[in-house]
Amino acid sequence: MKALLIGEKPPCDLGYTYGSAPPYDGIVIGSLTLGQAICFANEQVLGALAEGKKVVCYEPGFPQSPKNRALSTALASAKRNMKNLGIVFVSGGQKRLITAEEARGMKQAGLFPAPGSVLTPLAKEIFEG
């Protein structure tokens with residue numbers, strides 16, 4: 001799957017190849033600055049979400065501010081807002097969310113989910129059916 005990369009490339013494989021121009025299947029947010037995270041309003045991401053495309057944020061690339069309680073609270077709020085928009089946070093471990101759309105494509109290609117993948121209920125039905 002091809003994804004538009006925002007920020008730095010994550011050091012681990014998230015299951016995407018990265019491109020800088022459409023068409024793409026989703027967006028990977030590899031890193032954000034403090035300002036970008038707190039005032040999150042990326043037009044490309046919002047457009048992709050509006051089109052129903054998958055958007056993931058590499059959690060270690062999301063800024064932290066453990067020494068400033070106000071900033072830490074603002075970042076936690078921003079993260080909640082991003083999740084409410086439909087952005088999925090991933091840590092880069094072996095767990096990977098597989099949606100029904102991805103499951104259909106994988107099944108057609110004869111592929112199966114990697115161990116530790118998380119499947120939506122419909123994706124699970126697709127692989128079982």
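Which residues of the largest nonpolar core touch the most other members? In this predicted model, local features are reported at pLDDT of at least 70 and side-chain atom pairs at pLDDT 80 or more, while totals for chains, interfaces and linings use all residues. Residues are numbered from 1 along each chain as its sequence is written, and side-chain values use heavy atoms, with hydrogens and water left out.

The largest nonpolar core holds 18 residues, and those touching the most other members are Ile 27, Ile 29, Val 45, Val 55, Phe 62, Met 82 and Ile 87. A nonpolar core is here a set of buried Ala, Val, Leu, Ile, Met, Phe, Trp, Tyr and Cys residues joined through side-chain atoms within 4.5 Å. Buried denotes under 20% relative accessible area, exposed over 50%, and partly exposed the range in between (1.4 Å probe, protein chains only). Two or more residues are given to this core by each of E1, E3, H2, E4 and helix H3 (69–85). The most come from H2, which gives three residues. Helices (H or I, at least four residues) and strands (E, at least two) are DSSP runs numbered from the N terminus. In soluble globular proteins, nonpolar side chains tend to be buried together.

Five strands form an open sheet with parallel pairing, in the order E2-E1-E3-E4-E5. From one strand to the next, the twist averages 35 degrees. Two strands are taken as paired if DSSP finds at least two bridges between them. Strand E1 (residues 2–6) pairs with E2 in the parallel sense over three bridges, and Ala 3 stands opposite Tyr 18 in E2. Helix H2 (residues 43–50) packs on the sheet, where it touches E1, strand E3 (26–29) and strand E4 (54–58). The direction of H2 makes about 140 degrees with that of E3; axes are lines fitted to C-alpha atoms, for helices over the stretch in contact, and angles run from 0 to 180 degrees between N-to-C directions.

Strand E4 is joined to E3 by four bridges and to E5 by three bridges, with the strands running parallel. Val 55 of E4 is the bridge partner of Ile 27, whereas Val 56 stands opposite Val 88 in E5. Five of the five residues of E4 are buried, so this strand is largely enclosed by the rest of the structure. In a regular strand the side chains alternate between the two faces of the sheet. Both faces of E4 are covered, with Lys 54, Val 56 and Tyr 58 buried on one side and Val 55 and Cys 57 on the other. Contacts (heavy atoms within 4.5 Å) of Ile 27, not counting residues up to four places away in sequence, include Ala 3, Leu 4, Ile 6, Val 45 and Val 55.

The buried residues of helix H5 (residues 121–128) are Ala 123, Ile 126 and Phe 127. These residues cover an arc of only 95 degrees around the axis, which puts them on the same side of H5; the arc is that of the directions from the helix axis to the C-beta atoms. The buried residues of H5 pack against strand E6 (97–98), helix H4 (100–108) and strand E7 (118–119). On the face of H5 turned away from the buried side are the exposed residues Pro 121, Glu 125 and Glu 128.

Three salt bridges are counted, each defined by a side-chain nitrogen of Lys or Arg within 4 Å of a carboxyl oxygen of Asp or Glu. Glu 102 and Lys 54 meet in one of them, at 3.5 Å from N to O. Glu 102 lies in helix H4 and Lys 54 in strand E4, so the pair ties together parts that are 48 residues apart in sequence. Glu 102 is buried at 7% relative accessible area, and Lys 54 is buried at 14%. Lys 79 and Glu 59 form another, at 2.3 Å from N to O. Lys 79 lies in helix H3 and Glu 59 in the loop between E4 and H3, so this pair ties together parts that are 20 residues apart in sequence. Lys 79 counts as buried at 18% relative accessibility, whereas Glu 59 is partly exposed at 28%.
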